[in-house]
Amino acid sequence: MKKNSPLKMIITLSVTAIIIGGLLSGFYKLVYPQIEANRIAEEKIAIFTVLPEAKDYDIVEYEILSKKKGTEIVQIFRGKDENGDLMGFAFVAAGPGFQGIIKMMVGLNLEKTYLEGMTVLDHMETPGLGDKITFDFFLDQFKELRISPSITYIKNVKPKHDNQIQTITGATISAVAIVKTLNKKIAIILELLAGPPGKLKVVAEPAAVAVPAAVAVPAAAVAVPAEGKGK
Amino acid sequence: MAKKTLTYEFVKGIWRENAVIKMLLGMCPALAVTNSASNGLAMGLASTFVVAASGLMVSLIRRIVPGGVRIPTYIIIIATFVTLAELFLKAYLPDISKSLGPYIPLIIVNCMIMGRAEFFASKHPVTPAVVDALGTGIGFTWVLVVLGAIREVLGSGSIFGFAFLGEKIFTPWVVMVLPAGAFLSLGLMIGVINYFTLRKRRAA
Amino acid sequence: MDSMIQIMLIFISAAVVNNFVLAYFLGICPFLGVSKKTDTALNMGFATTFVMVLTAAISWLINNLILLKYNLPFLQNVTYIITIASLVQLVELFVRKSSPSLYRSLGIFLPLIVTNCAILGLALFSALREYTFVQSLFFGLGAGVGFTLALVIMAGIREELEFADVPESLKGAPITLLVAGMLALAFMGFAGLISA
């Protein structure tokens with residue numbers, strides 16, 4: 001403890017850094033499969049929650065281009081009933097809420113006219129107020145909610161239209177943020193689904209999102225073959 | 001230095017030198033995650049693991065590390081154990097990992113842990129260092145669980161997620177699970193403990 | 001200008017609505033320890049704000065240019081804390097050389113900042129929310145302003161508390177926590193600011 005030569009200090013810190021680097025990456029490799037499995041399990045439960053009649057699903061990936069983030073992979077989960085027939089679509093929508101990002105799984109019916117359901121995957125809203133967005137009384141409003149024209153919201157009174165939800169007292173911001181995020185994402189998903197199903201496809205962000213038009217890049221996205229992940 | 005028994009080193013962290021209520025260390029997690037008893041328990045146990053493991057390491061290497069880089073080395077060791085705990089929770093207890101969120105990595109800057117490493121583990125052999133850390137960790141855990149239980153009962157009408165007060169007979173005091181409730185309940189808790197300590201001292 | 005509005009929202013949200021101290025419980029230690037005199041609190045607040053903005057910038061660069069690129073998320077905690085510790089050291093050296101008078105007023109607080117959870121919290125939160133570089137900067141600035149605000153208000157109240165007749169058992173930390181609770185309630189009122 002007496003000698004403080006710079007060399008000794010540098011050696012100590014480097015050795016520590018190497019050891020912990022190795023230790024951490026080893027442990028990460030060890031637990032990563034489990035973390036990934038948790039994520040997929042959670043995704044699966046969420047998909048079956050928002051598409052209650054689905055028994056199985058496969059994943060289609062699209063590559064979209066936006067000015068802000070560059071290329072971005074969008075996954076659409078295609079729900080299937082017991083006969084293996086297509087019965088609806090599910091997708092993840094994420095956007096800024098009151099405190100952090102709110103991430104949701106959204107179910108859409110086969111005719112693309114209304115939502116089958118919505119569930120919140122991740123959020124950082126205030127406990128006791130904003131976290132009411134995860135409560136059934138709020139989420140149930142998204143069942144059979146029409147998406148055309150785009151979803152609207154109303155405060156303090158029962159919704160008057162079948163494309164309208166009622167916000168939460170004390171958590172208006174969170175509820176409004178959800179509606180905005182959903183409308184944005186639904187517009188993108190509809191654009192994607194308008195193309196041939198399961199085909200390779202590249203799209204620019206649709207005009208509805210009000211982002212300056214982006215340039216399309218050559219097709220690179222791959223349609224993942226059905227893996228029979230459900231069940 | 002007077003020879004102190006292991007039992008003494010263990011017990012002092014639980015009450016007499018309790019990190020939260022007596023030393024006012026580790027306040028961030030104590031306030032942030034105690035909106036339910038189970039969150040408090042998880043945070044307490046994770047911190048106990050980190051304080052004990054880093055106490056062990058710091059005590060092991062106390063003769064090797066040069067004085068000039070003592071603190072950085074300790075911080076790296078603590079950060080490593082915190083990351084291990086974080087990955088473990090993510091893999092095997094995903095629900096708890098979700099509800100504690102970014103407050104798990106923030107264990108790194110819990111002054112309680114740095115305090116034990118710097119003032120105790122770096123000056124003592126392995127056994128007392130670990131025993132002292134365990135005592136500190138358990139002392140921290142019980143305060144978090146009690147605080148979490150108080151806030152959960154009053155704020156959500158449940159305990160450990162079990163709703164024993166129905167919505168009909170009890171209107172939850174939402175403020176208790178909000179940030180303000182954290183400050184108020186911890187303040188009152190320390191106040192009550194001080195009250196009884198003072199009364200005992202006066203009686204003696 | 002969607003992005004401009006978003007940046008303002010991030011700033012206001014970090015500064016008042018979701019005040020780092022009163023809503024996220026970050027930086028409680030200096031909040032309870034240092035805030036006894038308004039001018040000390042103000043200096044501490046400035047020093048912290050400065051380090052926060054720097055941390056926001058550097059941790060963003062590390063996260064996006066190194067950690068995410070090479071898929072090393074498990075090194076986030078370690079690298080952030082090392083960055084913060086070295087940053088504070090560098091700032092201290094720099095301030096001592098370049099401006100002795102500033103050093104006299106800020107210097108003693110700098111070492112304390114390393115263990116201020118608000119700084120690490122800032123780095124972690126902005127990574128978690130996937131902010132862009134500019135957004136991170138304003139997040140850091142907002143958090144710093146919010147921290148300073150909470151610290152100065154608290155110090156002002158505590159100066160007055162000196163003359164109040166506080167019950168024996170509530171003296172010190174308990175009464176500070178209770179006051180902080182009231183402040184947190186008051187700050188909740190800012191929630192309406194963003195509803196537009």
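This report describes selected features of a predicted model with chains A, B and C, beginning with chain A and then turning to chain B and to the contacts with chain C.

**Chain A**

Chain A contains three helices and nine strands. Read from the N terminus, its elements follow the order α-β-β-β-β-β-α-β-β-β-α-β. The chain has 231 residues, of which 30% are buried. Among contacts in chain A with a separation of 6 or more, 53% are between residues 24 or more positions apart.

Strands 3, 4 and 5 of chain A illustrate how strands pair here. Strand 3 covers residues 86-96 and strand 4 covers residues 101-109, while strand 5 covers residues 114-122. The two pairings are set out below.

| Strand pair in chain A | Sense | Bridges |
|---|---|---|
| Strand 3 and strand 4 | antiparallel | nine bridges |
| Strand 4 and strand 5 | antiparallel | six bridges |

A:A90 has A:G107, in strand 4 of chain A, as its bridge partner. On the other pairing, A:M104 stands opposite A:V120 in strand 5 of chain A. Strand 3 of chain A is joined to strand 4 of chain A by a hairpin through four residues. The hairpin of strand 4 and strand 5 of chain A also has four residues between the strands, and within this hairpin A:K112 takes a positive phi near 60 degrees.

**A helix pair in chain B**

Helix 3 (residues 37-60) and helix 6 (residues 111-119) of chain B have axes that come within 9 Å and cross at roughly 25 degrees. An angle under 35 degrees counts as roughly parallel, and the two helices of chain B are therefore described as roughly parallel to each other. The crossing of helix 3 of chain B past helix 6 of chain B is right-handed.

Helix 3 of chain B contributes B:S47, B:V50, B:V51, B:S54, B:G55 and B:V58 to the contact, and these meet B:M112, B:I113, B:R116 and B:A117 of helix 6 of chain B. By class, the residues of this contact are six nonpolar, three polar and one charged.

**The contacts with chain C**

Where chain A meets chain C, nine residues from chain A and nine residues from chain C take part. On the chain A side, helix 1 (6-50) and helix 3 (172-193) are the elements that give two or more residues. Helix 1 of chain A supplies the largest share, four residues. The chain A side consists of five nonpolar, four polar and no charged residues.

Between chains B and C, 32 residues of chain B are in contact with 33 residues of chain C. The elements of chain B that give two or more residues to this side are helix 2 (27-32), helix 4 (70-92), helix 6 and helix 8. The largest share, 12 residues, comes from helix 8 of chain B. The chain B side has 27 nonpolar, five polar and no charged residues.

**One residue of helix 8**

What is in contact with B:A180, apart from its neighbours within four places in sequence? The partners are B:V175 of chain B, together with C:G181, C:A184, C:L185 and C:M188 of chain C. B:A180 lies in helix 8 (residues 179-203) of chain B. A residue counts as buried if 20 or more other C-beta atoms lie within 10 Å; B:A180 has 21 and is therefore buried. Although B:A180 and B:L31 are 149 residues apart in sequence, their C-alpha atoms are 9.6 Å apart in space.

Definitions and conventions. Residues are numbered from 1 along each chain as its sequence is written. Chains are lettered from A and ligands numbered from 1 in the order in which they are written. This is a predicted model: local features need pLDDT of at least 70, side-chain atom pairs count only at pLDDT 80 or more; totals for chains, interfaces and linings use all residues. Axes are lines fitted to C-alpha atoms, for helices over the stretch in contact, and angles run from 0 to 180 degrees between N-to-C directions. Angles under 35 degrees count as roughly parallel, over 145 as roughly antiparallel, 65 to 115 as roughly perpendicular and the rest as oblique. A crossing is left-handed if the near helix is turned anticlockwise from the far one by less than a right angle, and right-handed if clockwise. Two residues are in contact if their C-beta atoms, placed from the backbone, lie within 7 Å. Ala, Val, Leu, Ile, Met, Phe, Trp, Tyr, Cys and Pro count as nonpolar, Asp, Glu, Lys and Arg as charged, and the others, Gly among them, as polar. A residue is buried if 20 or more other C-beta atoms lie within 10 Å of its own, exposed if 12 or fewer, and partly exposed in between; C-beta atoms are placed from the backbone. Two strands pair if DSSP finds at least two bridges between them.
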